[in-house]
Amino acid sequence: RVVNRDEIRAALFPECAYSLPEKRAAFQALMLAIEVNAALGESTVVDGMTFSRRSDLEKVSALAERYGLTMAPIWLDVDPEVAKRRIEADIAAGRNTPLDRVPELVDNVLERFERPPPTVPVIDAS
């Protein structure tokens, strides 16, 4: 099962201001969806978030541990300029992306980015 925070946020807040309270509410709903899947014995792929704060990754890890699940985080690493060009291409193509996904968002994420633990495998997503 795929749980996507962007989709959850859009469902909770159709006229989203992309504020921190909305983002945190969507994260809490994401955590609940993961927990329900775990209780049902279903695997979950988390999408729609960068996990730029290590504490968010640790919260998901603690939830997985509580249910005896194995968590397999993967860091998809991409050069910031490549990420910006991809966002620009999505906007130009009219792809359905969150309205806050603009090239400047890459810099905002980088300002708060906390590198994942060294045990997290890295994939070059360029």
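**Close-up views of helix α2 and its surroundings**

**View 1. Helix α2 and the elements around it.** In this predicted model, the buried residues of α2 pack against β1 (2-4), α1 (5-12), β2 (45-47), α3 (54-66) and α5 (103-112). Helices (H or I, at least four residues) and strands (E, at least two) are DSSP runs, numbered from the N terminus. Buried means under 20% relative accessible area with a 1.4 Å probe and protein chains only; in α2 this applies to Glu22, Lys23, Ala26, Phe27, Leu30, Met31, Ile34, Asn37 and Ala38. The 20 residues of α2 (residues 20-39) should span 28 Å at 1.5 Å a residue, and the end C-alpha atoms are 28 Å apart, which agrees. The expected span is 1.5 Å times one less than the number of residues. After α2 comes Gly41, with a positive phi near 75°.

The model is predicted, with pLDDT of at least 70 needed for local features and 80 or more for side-chain atom pairs, while totals for chains, interfaces and linings use all residues. Residues are numbered from 1 along each chain as its sequence is written, and side-chain values use heavy atoms, with hydrogens and water left out.

**View 2. Asn37 in helix α2.** Asn37 lies in α2 and is buried, with a relative accessible area of 6%. Leaving aside neighbours within four places in sequence, Asn37 is in contact (heavy atoms within 4.5 Å) with Arg1, Val3, Glu42, Ser43 and Thr44.

**View 3. The largest nonpolar core.** This core has 12 residues: Val3, Ile8, Ala26, Phe27, Leu30, Met31, Ile34, Met49, Phe51, Leu57, Val60 and Leu63. A nonpolar core is a set of buried Ala, Val, Leu, Ile, Met, Phe, Trp, Tyr and Cys residues joined through side-chain atoms within 4.5 Å. The largest share of the core, five residues, comes from α2. Leu63 touches Met31, Ile34 and Glu35, not counting residues up to four places away in sequence.

**View 4. Packing of α4 on α5.** Helix α4 (residues 80-93) and α5 pack at an angle of about 145°, with their axes 8 Å apart. Axes are lines fitted to C-alpha atoms over the stretch in contact, and angles run from 0 to 180 degrees between N-to-C directions. Pro80, Ala83, Lys84, Ile87, Glu88 and Ile91 in α4 meet Pro103, Val106, Asp107 and Leu110 in α5.

**View 5. Ile74 in its loop.** Ile74 is found between α3 and β3 (75-77). Apart from neighbours within four places in sequence, Ile74 contacts Val120, Pro121 and Ile123. Ile74 and Leu110 are 36 residues apart in sequence and 18 Å apart in space, C-alpha to C-alpha.

Conventions
Buried < 20%, exposed > 50% of the residue type's maximum accessible area, 1.4 Å probe, protein only.
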